[in-house]
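I opened this notebook to record, in order, what I looked up in the model.

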Amino acid sequence: MDDFQLYQQSGIGDMRIRADVIFFDLFFTLIMPKCEGLPSEGEILGLTHEQWEYYAEDEDLYRARALGRVQDPVRMVEAVLEKMDMTADQGQIAEIIARREERMRCSICEIDSVITDVLTEIKNRGYKLCLISNADDIDIKHYKESRLYTLFDEAIFSCEVGHMKPQREIYQIACDAMRITPEHGIFIGDGGSDELRGARDAGMRTILSEYLVEHEPAFRKRVKAYANFVVSDFRDILTILDQL
């Protein structure tokens, strides 16, 4: 039972309080960004996928997109090119955008059946579901085509609300949307973006999910400090809910 051990830490939340809403992170918790078998954006410029991502995921550029400050896909690509001190013609930029959109479409539409089964069971048990995700406009363009859209009652995306995890505001916006106070919610995520600390500071209880990712020890130790439970098997979430 160690995988879903309860961590008795001060200020981490009272597990006896009824949970009404289960909040989930999106990337690396419910879906993985697809790249294997799909044409990479970087190939258009003679770069590897890793070389392109190194610049595309630059912290400043990502924040601008994820906070909704840059919404135009063309401008998103131009910003990356400027960071790399490279140029591309309109056709190349259009192809880069198309490849990124296809990768994100596959990511958000091709979901592990274990995850959809667990989400469906959580709904059947009477809980509400809400996404809280750092994402840009391309990331979520195909969200309404996803099975997740039919399962989740609400989705709070950073690019739409102007706040990112771990900012307290994005968790409060999600709680307000679901008409609960934070102590009546449980947040589940892989721990990226310091999201578990943010959720805990906002007043939620937390579950660290390692179902889709295997963390290196130092990172795991750091994020685990903010988790009430840790699961490696997604189905163990149901066991945890049975205990509440």
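Entry 1. I began with the surroundings of Arg-99 and noted that, leaving out residues up to four places away in sequence, Arg-99 touches Pro-39, Ser-40, Glu-41, Glu-43 and Ile-44, a contact meaning heavy atoms within 4.5 Å. Arg-99 lies in helix α4, residues 90–109, where helices (H or I, at least four residues) and strands (E, at least two) are DSSP runs numbered from the N terminus. I looked up the exposure of Arg-99 and found a relative accessible area of 16%, so Arg-99 is buried (buried is under 20% relative accessible area, exposed over 50%, and partly exposed in between, with a 1.4 Å probe and protein chains only).

Entry 2. I noted the basis of these values: the model is predicted, local features need pLDDT of at least 70, side-chain atom pairs count only at pLDDT 80 or more, and totals for chains, interfaces and linings use all residues. Residues are numbered from 1 along each chain as its sequence is written, and side-chain values use heavy atoms, with hydrogens and water left out.

Entry 3. I then turned to the packing of α4 against helix α3 (residues 73–84), where the angle is about 105 degrees and the axes are 10 Å apart; axes are lines fitted to C-alpha atoms, for helices over the stretch in contact, and angles run from 0 to 180 degrees between N-to-C directions. The two helices, α3 and α4, are therefore roughly perpendicular to each other (65 to 115 degrees; under 35 is roughly parallel, over 145 roughly antiparallel, and the rest oblique). Pro-73, Val-74, Val-77, Glu-78 and Leu-81 of α3 meet Ile-93, Ile-96 and Ile-97 of α4.

Entry 4. For the sheet, I recorded 6 strands in the order β3-β2-β1-β4-β5-β6, open and with parallel pairing, two strands being paired if DSSP finds at least two bridges between them. At the edges stand β3 (154–157) and β6 (229–231), each with a single partner strand, so one side of each has no neighbour in the sheet.

Entry 5. I followed strand β1 (residues 21–24), from which Val-21 and Phe-23 point one way and Ile-22 and Phe-24 the other, all of them buried. β1 pairs in the parallel sense with β2 (residues 128–133) over 4 bridges, and Phe-24 stands opposite Leu-131 in β2. β1 also pairs in the parallel sense with β4 (residues 185–189), over 4 bridges; there Val-21 stands opposite Gly-185, and Phe-23 has Phe-187 as its bridge partner.
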